[in-house]
Amino acid sequence: MAKLKKQDPKVYAAMLGELKRQQEGMELIASENYVSPAVLEALGSVFTNKYSEGLPGKRYYGGQTYTDVVENLAIERAKKLFGAEHVNVQPLSGCPANMIVYSAILKPGDTVLGMDLSHGGHLSHGHPVTLSAKIYRFVRYKTDETGKIDYEQLEKMAIQEKPKLILAGFSAYTRQLDYQKFKDIAQKVGAITMFDIAHIAGLIAGKAIPNPVPYFDVITTTTHKTLRGPRGGMIMCKQQFAEVIDKAVFPGFQGGPHMNNIAALAVALGEALKPSFKVYAKQIIKNAKVLEQELKKYGFKLMFGGTDNHMVLVDVFSSKGITGIEAE
């Protein structure tokens, strides 16, 4: 960073400070991770300079020889990792990826059955403050007294509401979903299935938890979190949805993709294909289980009773009489 130090010492100092914070602090945010030096190099590469609207082999700007190489690498590696029929690696992040899918397969006013934010869902799954909730009709399912998804109630809601889309996925849910039940319920009411795997994508890629891709019509994800890549988004789908989703990405929702992110994603997906990544993913769950057990020993109440993934949600107020902010 010699050039940065000379040209902008204030930004350089902030970067050094952040590096020190990450190296010496304890990071307990489930949506964050540490990318490899190789991913960082690709992220800060000359691909930052290049506009690449369109898809590999079908661009609107010239000079795309090498952008096509890295985007095709990212696509093929994602297909291999997840067993996906079709992949688009251009979404700028997770929320845009979800909006792109909604716009591709829904019409304004269509009903979507998604998980309630207060029960573990995500803002982009239809929370009233979001743009998607102003366009589509979201009905939100909840967890039961034990904190787990009540599939019987979910089926009743699906039969009553007749959603065009049934959405699985979460931002704060620690238990394994029953993929087959989502698929069965959707088939009963003729709904499309979608799973936002943003939090658990790396655990799936590392074969630490079951792969949902064969069960769902559409899969969205971020590319950071457990997948350990750059901050971005990705959409995987059955071949029948490929064309409408690609068109919804560009020109429907975005302009030029961020090719430096895509190059960095190709590197991260290459890392995820190595045997060492399977060890890494399984170790994440082992660590989470040890944390779960030790917290219980100290009298902490855990939401959902424990964890099947990388997240441990602690009810510090019931356990110790303090707020989450105070605990942090």
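Is Lys286 buried or exposed?

1. The structure discussed here is a predicted model. In this model, Lys286 is exposed, because its relative accessible area is 53% and the term applies to values over 50%. The residue belongs to helix H12, which covers residues 275-297. Between Lys286 and Ser171 there are 20 Å in space, taken from C-alpha to C-alpha, and the two residues are 115 apart in sequence.

2. Helix H4 comprises residues 65-82, that is, 18 residues. From its first C-alpha to its last, H4 reaches 26 Å, close to the 26 Å expected at 1.5 Å a residue. After H4 comes Gly83, a residue with a positive phi, near 70 degrees.

3. Which residues of H4 are buried? They are Thr67, Asp68, Val70, Glu71, Ala74, Ile75, Ala78, Leu81 and Phe82. Several elements pack against the buried residues of H4. Among them are the strands E1 (54-55), E2 (58-59), E3 (86-88) and E9 (233-237). Helices H9 (201-205) and H11 (259-272) also pack against these buried residues.

4. On the H4 side, the contact is made by Thr67, Val70, Glu71, Leu73, Ala74, Arg77, Ala78 and Leu81. On the H11 side, the contact is made by Met259, Ile262, Ala263, Ala266, Val267, Leu269, Gly270 and Ala272. By class, the residues of this contact divide into twelve nonpolar, two polar and two charged.

5. A second pair consists of helix H5 (residues 94-105) and helix H10 (residues 242-253). How are H5 and H10 oriented, roughly parallel or roughly perpendicular? The two helices pack at an angle of about 115 degrees, and their axes are 9 Å apart. That angle makes H5 roughly perpendicular to H10. The crossing of H5 and H10 is right-handed.

6. The contact between H5 and H10 can also be described by residue. H5 contributes Pro96, Met99, Ile100, Ser103 and Ala104. These residues meet Val244, Ile245, Ala248, Val249 and Phe253 of H10. In this contact there are nine nonpolar residues, one polar residue and no charged residues.

Methods. Residues numbered from 1 in each chain as written. Predicted model: local features only at pLDDT ≥ 70, side-chain atom pairs only at ≥ 80, totals over all residues. Heavy atoms only, no water. Helix = DSSP H or I, 4+ residues; strand = E, 2+ residues; numbered from the N terminus. Buried < 20%, exposed > 50% of the residue type's maximum accessible area, 1.4 Å probe, protein only. Axes fitted to C-alpha atoms, helices over the stretch in contact; angles between N-to-C directions. Parallel < 35°, antiparallel > 145°, perpendicular 65-115°, else oblique. Left-handed = near helix turned anticlockwise from the far one by under 90°. Contact = heavy atoms within 4.5 Å. Nonpolar A, V, L, I, M, F, W, Y, C, P; charged D, E, K, R; others polar. Expected span 1.5 Å × (residues − 1).
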